[in-house]
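Student: I have a structure to look at and would like to work through it with you, one question at a time.

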Amino acid sequence: MAIAIAPLFAGWIAQCRAWLQNRSAPPLLLPYRMLRKLFLKDVALATDASVLFRATPYVLFGTMVLAAAIIPSLVTDLPMARVADSIALVGLFATARVFLSLAAMDIGTAFGTLGARREMMVGFLAEPALLMVLFNAFLLYGSTSLPSLVDGYRTHPSIIDPSVIFAAVAFVMVALAENARIPIDNPSTHLELTMIHEAMLIEYSARHLALVEWASSLKLFNYACIGFALFMPWGIATHGSDGAGALLIAIAALMGKLVIAGAALALIESLSAKLRIFRAPEYLAMAFLLAVLGLLVHLLLGA
Amino acid sequence: MHTSQLIAEVLRVLAAGLLLISFAMLSGRRTQQLITLFAWQGAMLFVSTCLVAYSSGLTEMYYSAALTLLLKVIALPWILNRLIKRLGAQWDSEQLVNVPTTMLVGLVLVIFAFGLAQPISSMATTITRHTLGIALAVILLAFLMMITRRKAVTQVIGFLAMENGLFLAATSATYGMPMVIELGIALDLLVGVFILGIFFFQIREQFDSLDLHNLESLKED
Amino acid sequence: MLLSANHWISGLAETLAVNDLHSLLLLVAAWMVLGFAGFLRPHSIRFVARFLFPAGAVLCLGVALLAGLFLASGHAPQLVVLPLGLPDLPFHIRLDVLSAFFLLLLGVAGAGISTFAAGYFRSGEGTAPALLGLEYHLFLASMAMVILADDAYLFMVAWETMALSSYFLVTSHHRIPEIRRAGFLYLIMAHVGAVCILLSFGVLQGGSWQFTFDAMRSAHFTPFWATTAFLLALLGFGAKAGLVPMHVWLPEAHPAAPSPVSAMMSGLMLKTAIYGILRISFDLLSIRFWQWGVLLLVLGLFSALFGAIFAAVQTDMKRLLAYSSIENVGLIFAGIGLAILFETSNMHLFAALALTAALVHSLNHALFKSLLFLTTGSVLHATKQRSLGKLGGLIRRMPWVASLALIGTLSIAGLPPLNGFVSEWLLLQSFLFTPQLPHAFLNMLIPLGAAVLALTVALAAYVMVKFYGVIFLGQPREASLVNAHDANWLERLGLIWLAVGCVLIGAFPQLALMASAPVTGKLLGETVRPGSTVWWIAPIAQEQASYSGLILLAGILSVVAITFVCVRLLAHGRIRRTDTWDCGYPWQTSRMQDTAEGFGQPIRHMFGTFFRMERDMPSASDTAPRYRIYIEDRLWRAIYLPISRGVQKLADGIGFLQGGRLSIYLLYSFLTLLGLLVFVL
Amino acid sequence: MEILIVLGLPLLGAALLALFGARRFAAELNAGMSLATLIAASSLVLRVIRYGPMLVGHEQFFVDPFNVFLVALTAFVGFTTALFSRPYMRIEEHHGRLNPRRLRLYHSMYQLFMFAMLLALLTNNMGLLWVAMEAATLSTVLLVSLYRTRASLEAAWKYFILCGVGIAQALFGTILLYFAAEKTLGREGMTALLWTHLIAVKGQLEPRVLGLAFVFLLVGYGTKVGLAPLHNWLPDAHAEGPTPVSAVLSGLLLNVALYAVIRCKVLVEGSIGHLLPGRMLMTFGLLSAVLGAFFIWRQRDIKRLFGYSSIEHMGIITFAFGLGGPVANFAALLHMTVHSLTKSAIFFTAGHASQTAGTQQMDGIRGLVGISPPIGWGLMLGSLAILGMPPFGVFASEFLILTTAMREHPWTTPFLLIALGVAFAGIFSRVQPMVFGESDSPPLPHSPALLPVFVHLAMVLTLGVYMPAALAEWYRAAARLIG
């Protein structure tokens, strides 16, 4: 389900961007064609690429799918939901990132290693910020497992809690950074010195590339879903509600939210300019700070 | 009674003399002269010991008196004289660190010694008890003398003067130590001087002078 | 399944564990025997390494087994008194759950290390084989005795023997001056620390002149004395554990030692310090104060961050690992601090959670840090290179080591589904509950702590990517690396053992939790539930947090497999081998890869205040540019240099006392005499 | 009876060696006499174990738990040192630093020195004690100046003058003691000087006099113990004398002097109470320990280094006696034993090391394990032992001392900590490069006879982990005696 939707979401964002930059928009289903094309090509593999390099795409894809299976995007009582709470989820993303950077270093081109370094740098700053955001949620609802968060939200809804707002802002910033969007990175650039994510993929081709691209769109989708679960969990079917009807509502809600989110994302991207790489830490530190502030505010105001 | 009174007077005079001599030694410059002074000190010690022996009627005190005579009046000065003759050191004199100050310090020491000995001597029963303070003073003065000296021989003389002080203390406080101990002490003293004699020659042949600046090489640098 | 297994084990334990303290002592004695057995054929490396060390490994297994059984059986503590030691103080030996847990750790990790060492030591390296074997096994035995000791004297004897034997192991290549310097620094820190511990015992014996731990347990202290004892102990054990600022010896000594020894010091010896602090603060001292917890927490977190940052900028692979040890120890101490904090505010369940986190992390660290140090050993043998700047691309030359190192790397980076993640997850969980503390300002403080923790964990991942990527991936940076050889089978066996341990605990965190449950139960009277079902762990409550390593692992593997199959079905598997894309610049060489320095650059950039840097940048016109950077610990200049300078000054100052002039000497004694006379007057 | 034999044998040996000291077999004779002394001493010990304390020779000599183990120790170390000096002095003779005449002097004086020390230990008479101490000084003066070099002469001269003056003070103290005792005990048969009688009436002795006497005795015998700031003779004498002499000076003479101090302390405490003498001893001890440690830090000459370490350790022992109480006294006695064993062993190895390297300067001594493993490891282990590394016995006593100090006088522990730390750094940073590291000189063809070293170290090691019940019993009894 998620697997299917994810590229669509990516395509949607691309389209919105195009509109906002009043270019002629690419068709919505372009990502799918892209994937198909890539799958049909045959792989050009560097001579001394190791097993690690070839295994990584599958690992990426696997972790992302698993993450998608854990995040309550539609229903809260997922089979896998108990397997990993949000911290474990962050861990999963970290795993994916580490594998990707290792793979990037494997060939040993200057760009690969450079990209890996930058990715890790962004990562080790973004991860704590994300954790802090989750701590916020925990303080509100006393749990780190997303489904119970959603349920907890259901029991006492509070949206204008200042800490939540702080957290939300921080989360958006982190999400942007993590998914290689402007202002940290630019998904559609191949200008060597500025790229991060693309620099790591530079050696991938054909089906490997396809998997990696797919995984990254999935990642974006997952982040979006986490955001929804944390900050606007309306319409997600919970234990209480009965099967089909609730599910339909949930799907509709999700679609709506995705559309809005994509548009918003595109808006942000086209409004903001890309930062110098050395400014990135400041940006992320800002997010981190916001999240911690959220915590402190919550404790001070004693919600 | 009358005689004992007299004896006590004489003893006091002698003790004072001893103190005076040690001051003289403190300021004495020439080795020869120091040896003579040392001999005189011994002699006074001998006399006072005899008097104490007489008044207390202890025969063993006579022995120790005789020992004093032999050792400190005759033997040691003689040995020392021969030594310095052999070493050709009898005429050499040494400049001291500022005699008046030394004297002043000496005076302070004497006062200190008296103050220290006062309570003790008050509880002593001997007729010489008041000389205990003087004995202590003599010891401290000899110590001071050793500190101020630059020459090996004179330092040794200071050392021997200190022994005199000890002896005086022994007699004055307690009519002398038991005989065996006296003998032991005397023997040690003799051997000590003998070894010193050997030393003088060795030092001479190594450093061709008995001056103590030569003996300042072993130090933390 | 697991639970039933647990029952079965405990059933077995009932039968076996009646007198397992005796059997443990026998094993320890056997270690010593092995050590001395080396002198039968002092110069034959085959005899010592290939025969004695594996035997030692077997003994390790025995120790681990016995300790595990004891833990499972839940026996009462067992006591033995040996007719040795001081006349009024024979050696008391006691096996309780706390010591059993650390013995388990010692045995499990030690087995792997010994096996590896059997393959590692070559002839003609440093010390004579027999001596090496003696020191090595003495080291093992003394660590076991530290854990088993039940009176202050035996503890100190074992403690210092441990320091001494490890010192000799560190300096086994004593012809190199740096190594001698490292050894010296290590030994003196160890000794000063030991004296502190000794003084702490001096306080603890409470005037009862019995140095047995029982007497100390029953003694009562005023807050002042209790705190004094605790602080002294903290100084001593912190110096051994490498807690900042007593850490300076650690990054010197660990790299200097032969790799198995580094593994033992880092993986096992540091844990004895953890054991010590636990023993004193939770067992021997009857009262605790929340300020202690805060102190431990702050120190621990600072060390953790400090270690991670310094590890990120290292260019020597073993130094990097050493700093990462500082980081991990810091995390463990933070956990203990939290435990004290909770325990003093009567939240025993959360205290148990924090303590469990600390214990499990000790266990994990023992496993993966040993694993990584051992891999560096293999790399060292294969390439004779320690500097990251000269390595690279080894995954092709030594696939075994590389793949096993990958497991270690992932787990130390705290990534699911491996074991590193488990303990860090637990630690984060326990942090989450701190806001319920009674002290308001602590509640303000703790989120920052949590933030630091998160930052550290993320940094660790960064460090480890650097470690693994630079050593094993990319192009070889030196021509000589092409003829690097893989590890021999004994080394592989040792590595595999440890790696399996990592994966196992990652997949079944319940094991670790079950092992640590009795300990927390004993120290805090409260244990965390391993989980309602065997599938996942939910320490506090199902709906609050839960994690299942097994399913996660299985999930990832299955999804990966499925995808792989699908892709194979959908797409054809044609592969065209080509050269690396050179971005249109064909003159790239392997030297153009990102170096270790380069990889550390962002960290230097961000945390520049932490260290003293000396850089010389080549000028633009320089034809043969050399870029050199030298990074130093500020604390070294801040604390240690002043101390040594001060001592030097004093020593110079008092020289005049021995000026060589007899008159002056006489004056001294004269003045002393007068002074004393005045004193009695 | 045994006592007289124990005293007679070394005297006889002195006489014999004064006659035959120049012969080839002199060294063997020396060792033989020492062995005989050792045997006699051990039989004495056995007797004491069986029948308890004894008092012979018109009460002039006595044995109690305090001095009996010191007698045994003295005889033992004397014997091992004689063993060690046999080959060592021979090599010295080969190097031409000695000639037969001096060897004769050396041997006879060595025996005389042993006699003096045993006398000092065994006598019951405070006056005789003084005489014996003086005799010990005189005999060692000649031993220190054995090489007749400028340095050795200077060292011997300083040693003689300082200790002579000190001893004089001690004599004055003894006189005062006699003066005080004579009032209660009377003059007949010098009972007023007999320890056994004094201790019986110590309660009635005049406090003021005894206080004064203690000062003089402390300064006097303390000079020989090497307490700072009276220590200045010690490093010179240790560095310039022949190595066996340094060994016995450090290992035995200091102990005996300390023994004298403690005897006096016990007496004095009986009348003026523990506080004053205890504080004095503690102050001297701490001062010596700290000063010794800092001096250690700046040494270049190996024998000076360990001379200062002796000062430091004597300071620690004195401090422990100052603390008082059964535990501290026990620890102090134990420390006396292990220190003399370890330190003499160290001097043995140091002597061989400097012999092989041809210099006493530590910069000139490198890579001993390469040159001769026994020397290297002997030095390394010895140093570690003296630095208080378990399982060596020194650690056992330091363990007790430190814990007691922490309990009784916490303010002293920082000083002890500094002293131990600085001494550790000082000694170890010098020893490590001497033992380890590269050396240009070739390995020795045959390793020197270092049996005594390893015997001593083995004993120290054993004392660290296991103490025979009898020994422990002595220590306890002696500790009770000292109070």
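Student: How many residues does the contact take from chain C and from chain A?

Tutor: Keep in mind that this is a predicted model, and that totals for interfaces use all residues. Two residues count as being in contact if their C-beta atoms, placed from the backbone, lie within 7 Å. Counted in this way, the contact takes 67 residues from chain C and 68 residues from chain A.

Student: Which element gives the largest share of the side of chain C that touches chain A?

Tutor: The elements that give two or more residues to this side of chain C include α17 (419-432), α18 (440-472), α21 (549-570) and β3 (575-578). By class, the side of chain C that touches chain A has 42 nonpolar, 18 polar and seven charged residues. The largest share of this side is 15 residues, and the element of chain C that gives them is α18(C).

Student: Which residue of chain C stands opposite A:Ala46?

Tutor: Chain A has 11 helices and one strand, and that strand is β1, residues 43-46. Four bridges join β1 of chain A to β3(C), and the two strands run parallel. In β3(C), the residue that stands opposite A:Ala46 is C:Thr578.

Student: What percentage of the residues of chain A count as buried?

Tutor: A residue is buried if 20 or more other C-beta atoms lie within 10 Å of its own. Among contacts in chain A between residues at least 6 apart in sequence, 78% join residues at least 24 apart. Of the 303 residues of chain A, the share that count as buried is 61%.

Conventions
Residues numbered from 1 in each chain as written. Chains lettered and ligands numbered in written order. Predicted model: local features only at pLDDT ≥ 70, side-chain atom pairs only at ≥ 80, totals over all residues. Buried ≥ 20, exposed ≤ 12 C-beta atoms within 10 Å, placed from the backbone. Nonpolar A, V, L, I, M, F, W, Y, C, P; charged D, E, K, R; others polar. Pairing = 2+ DSSP bridges.
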